[in-house]
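Here are some questions and answers about a protein model. Look at the structure first, then read on.

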Amino acid sequence: MPGTWENIKQGFHFRGDYFIVDAHCHVDCPAVASPKPFGVQDLIGVMDSLGIERACVNLSHFPDYAQANERAMASVRQYPKRLFGIAVASVYAPHSDVDRVRRCIEELGMRGIKVTARWDSESLMPPVSSQTAGLEEIYQLAMRWNCPVICHGYLTPSIARRYRDVQFILTHALEDWASAESYRKCENVHFDTSASFFPRASIAHFVKLFGAQRIVFGSDMPLIDPRVPLGVILSAGISEHDKERILGLNMARLLGLEAG
Ligand SMILES: [Zn+2]
């Protein structure tokens, strides 16, 4: 019996006219409801079947972030025209990650930074302020290199205002309408569409609140089936141009890409 990802490739072929960029993917990690780890070939296979042209990969599920970044770049080197590497930095030890993130961007050509907690016991503790001060160095780097910062939590409206030249992407934000609302005036804060709880009305609601230019398609595959956010966006009661922006044009702009 084929696994989940085989089913996606076989059972759903979306080939629309949209330029689609997935802002939020993982590789080399366990896949929910699949017996095998989700590798880069699986990712490319799913992208091909769903018409996803480009994808940003980060390995924030790895306990060792140095290894995570190396492995992300190994995937990018295999598919340099399809994938972009996103360097990961820990909210708990950003000082020690700064030099590594700098190298990821300056030497390895990574195109963004993800700030997150590791998937271990650390993530049960809130970061202390002396540690989070190191995040400011990460934001300075992002400003210098004009690359987006993807935040799995740990962003506040005041930080977003202080670094208004940095383009932030909040993951899973469409699940929590109330906290998203606190970023309404922060034009540099964007929301990705990865969500485990995703009413169809979310997209139209967010477009009305924030404008389509602040929403980016991000699936979080293989943890979330990318057909869910894709289907929700494609069927949303919004204009064709807004769909184009959410599906790819906004992320292309944040990555400094030419669409097409
Ligand atoms: Zn994720």
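Q: Which residues of helix α9 (residues 227–234) are buried?
A: This is a predicted model. A residue is counted as buried if 20 or more other C-beta atoms lie within 10 Å of its own. In helix α9, the residues that are buried are Pro229, Leu230, Val232 and Ile233.

Q: What covers the buried residues of α9?
A: The cover includes three helices, namely α2 (40–50), α8 (201–210) and α10 (240–255).

Q: Which strands stand at the edges of the sheet?
A: The open sheet has eight strands in the order β1-β4-β5-β6-β7-β8-β9-β10, with parallel pairing. An edge strand has a single partner, so one side of it is left without a neighbour in the sheet; the strands in this position are β1 (20–25) and β10 (215–216).

Q: Is isoleucine 150 buried or exposed?
A: Isoleucine 150 belongs to strand β7 (residues 149–151). The cut-off for a buried residue is 20 or more other C-beta atoms within 10 Å. Isoleucine 150 has 29 such neighbours inside 10 Å, so it counts as buried.

Q: How many bridges join β6 and β7?
A: Valine 115 stands opposite cysteine 151 in β7. Strand β6 (residues 112–116) pairs with β7 in the parallel sense, and the number of bridges is three.

Note on methods. Residues are numbered from 1 along each chain as its sequence is written. This is a predicted model: local features need pLDDT of at least 70, side-chain atom pairs count only at pLDDT 80 or more; totals for chains, interfaces and linings use all residues. Helices (H or I, at least four residues) and strands (E, at least two) are DSSP runs, numbered from the N terminus. A residue is buried if 20 or more other C-beta atoms lie within 10 Å of its own, exposed if 12 or fewer, and partly exposed in between; C-beta atoms are placed from the backbone. Two residues are in contact if their C-beta atoms, placed from the backbone, lie within 7 Å. Two strands pair if DSSP finds at least two bridges between them.
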